[in-house]
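Subject: Structure handover

Hello,

Here is the structure I promised to pass on. Please open it first, then read my notes below with the view beside you.

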Amino acid sequence: METILYILIGLAIGMLLTYLLKGAMDKKRAGSILNKAYKKADEILLKAQNDAAQIKKIADKEGEAIKKEKILQAKEKFLELKEKHEKHIIEREKKVSELEKKAKEKESLLAMELANSKKLSNELAEKEKNYEERLNFLNKKTEEIKRTHERQLELLEQIAGYSAEEAKNELIETLKEDAKIEAMRYVQETIEEAKMTAQKEAKKIVISTIQRIGTEEAIENTVTTFHLESDEVKGRIIGREGRNIRALEAATGVEIIVDDTPESILLSGFDPIRREIARLSLHKLVTDGRIHPARIEEVVRKTKKQLDEEIIEIGKRTIIDLGIHSLHPELVKTVGRMKYRSSYGQNLLQHSREVAKICGIMASELGLNPKIAKRAGLLHDIGKVPTDETEMPHALLGMQWAEKYGENPDVVNAIGAHHDEIEMTSLYAPIVQVADAISGARPGARRQILESYLKRLKELEQVAFGFPGVQKAYAIQAGRELRVIVESEKVDDERAKQLSFEIMQKIQTEMTYPGQVKVTVIRETRAVNIAR
């Protein structure tokens, strides 16, 4: 307000000076104006002072109200915080009291446990003391018994003329032999009793196993089923007095079995290609309806030619699919014949294709020529498709064929060495060997038939040769009986019985076999004289 007042005063003075300068010539007028100006200025100053006082009064009144309001708000906030603090303190005291109560309870339990522990410690100390006393007493008694025993042993040694160690060993050996014979007799009696009660069920199990496994393998390896539209066709296939069936068997080299099986006949033969020729020929004959010896020979001859062409076509398609080129025609034909061969229940062509693909991938990863690897993988089992019977291992036979038809030396070596018959000279040989093992080991790929069967029989005979006094051992009746011939000079009758039992136990613990194995030990004495 003072600033406004000063401004107003300044303006009044300025106006006054203006009037004085302009009205210098007119003193009266100037005096009058000056008086008016002073009067006006006094009025303005008085009004300004009054306004300033009023404004100050209003400001003081509002400030006092605001101050009172703020003090009131501060008091309310203080009371609110005080209430929260008191509530927090009450809750904290409550928790502290609960914790004190729990601590007192734990202290009480701990005191009880300490008292029990002290009591148990006292009891344990008392028992230890008693144990020490009894142990000392027992040690004294043991020493007395030991001295008494030594005196008795000395007297026995003097009376019997044997040392204690010698007498003990002799007694142990006698008891051991008696116990072994008694145990063997008891076990044999138990086994015989169990056999009498379980023989019927065992026969059922063995027959069921043979029906499930043996039949499947026989059909897969040696038999093809040919289905007919009706049983009336069987009579036409047999012909008058059997001349049709005889002509068909003579032309194909396959045994044709016509039995009571409805709407089917069996083609039996170990050569799968012959069985396929017989199957295709029968299909043509039955479809055509003309079945007589001359017609049979003609159809079989055409079927053979057709199958030969199909075999060559299969071989060509196979090598094209695998990207193999410039293969000798005879080897192409051999590859096609693989379709009609199996190895341990696994189709030979599918197995060879799989091995070829695995070889190609492995060779690429190793930086080798994948085409050579595929070639070796495809041809590694060509020795399993012989045109003539031979005793040579299939790996060596396949190696000879590959060498004969001008194959790469690495391919030749890989074929011959994939079963370690010859030494490996290149990296392709171990690749083929590994790929062959991978394909054969794939779950469901193979079923061990002949090889595992022969191996089991040899192992069965080797078990018998592991015992002293065994002269000969023969596994007979498809491994269901082991016949052991012993030397009569080294094995007596009691030992022969015991030997049969021991061999039986070793077979049970060390071998896996279907059904049961009968162990027969034969001991005979021969007296030979020559009259001259």
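Start with a helix pair. Helices α11 and α12 pack at an angle of about 165°, and their axes are 7 Å apart. An angle over 145° counts as roughly antiparallel, and α11 and α12 are therefore roughly antiparallel to each other. Their crossing is right-handed. On the α11 side, the contact is made by Ala-395, Leu-396, Gly-398, Met-399, Ala-402 and Glu-403. On the α12 side, Val-412, Ile-415 and Gly-416 make it. By class, the contact of α11 with α12 has six nonpolar residues, two polar and one charged.

One caution before going on: this is a predicted model.

**The chain as a whole**

The protein chain has 15 helices and eight strands. It has 532 residues, and buried residues make up 28% of them. Now take contacts between residues at least 6 apart in sequence. Of these, 58% join residues at least 24 apart.

**More on α11**

Helix α11 covers residues 394–404. Which of its residues are buried? They are His-394, Ala-395, Leu-397, Gly-398, Met-399, Trp-401 and Ala-402. What covers them includes α8 (329–337) and α12 (409–417). Just after α11 comes Gly-406, with a positive phi of about 75°.

Next, look at α6 (residues 272–288) and α7 (residues 293–322). They pack at an angle of about 125°, with axes 9 Å apart. α6 and α7 are therefore oblique to each other. The crossing of α6 past α7 is right-handed. From α6, the residues in contact are Ile-273, Glu-276, Ile-277, Leu-280, Ser-281, Lys-284, Leu-285 and Asp-288. They meet Arg-295, Ile-296, Val-299, Val-300, Thr-303, Lys-304, Gln-306, Leu-307 and Ile-311 of α7. This contact of α6 with α7 divides into nine nonpolar, three polar and five charged residues. The spacing of such positions has a simple background. An α-helix has 3.6 residues a turn, so residues three or four places apart point the same way.

**Strands β2 and β3**

Is strand β3 (residues 264–268) enclosed or open? Four of its five residues are buried, so β3 is largely enclosed by the rest of the structure. Its partner is β2 (residues 255–257), paired in the antiparallel sense over three bridges. Glu-255 stands opposite Ser-268 in β3.

**The three-stranded sheet**

Further along is an open sheet of three strands. The order is β6-β7-β8, and the pairing is mixed. β6 (470–476) and β8 (518–522) are the edge strands, each pairing on one side only. From one strand to the next, the twist averages 15°. Strands of a sheet pair through backbone hydrogen bonds, either parallel or antiparallel. Here β7 (residues 481–486) and β8 pair in the parallel sense, over five bridges. Leu-482 has Val-519 in β8 as its bridge partner. Helix α15 (residues 493–510) lies across β6, β7 and β8. It runs at about 150° to β8.

**Two loop residues to check**

Most residues other than glycine have a negative phi. Two residues here have positive values. One is Ser-326, with phi near 60°. It is found in the loop between α7 and α8. Ser-326 has a relative accessible area of 73% and is exposed. The other is Asp-420, with a positive phi of about 65° although it is not a glycine. Asp-420 is found in the loop between α12 and α13 (428–441). Its relative accessible area is 54%, and it is exposed.

**A buried arginine**

Last, find Arg-456 in helix α14 (residues 450–465). Is Arg-456 buried or exposed? Its relative accessibility is 16%, and buried means under 20%, so Arg-456 counts as buried. Look also at Ala-475, 19 residues from Arg-456 along the chain. The C-alpha atoms of Arg-456 and Ala-475 are separated by 9.6 Å.

Best wishes

Note on methods. Residues numbered from 1 in each chain as written. Predicted model: local features only at pLDDT ≥ 70, side-chain atom pairs only at ≥ 80, totals over all residues. Heavy atoms only, no water. Axes fitted to C-alpha atoms, helices over the stretch in contact; angles between N-to-C directions. Parallel < 35°, antiparallel > 145°, perpendicular 65-115°, else oblique. Left-handed = near helix turned anticlockwise from the far one by under 90°. Contact = heavy atoms within 4.5 Å. Nonpolar A, V, L, I, M, F, W, Y, C, P; charged D, E, K, R; others polar. Pairing = 2+ DSSP bridges. Buried < 20%, exposed > 50% of the residue type's maximum accessible area, 1.4 Å probe, protein only.
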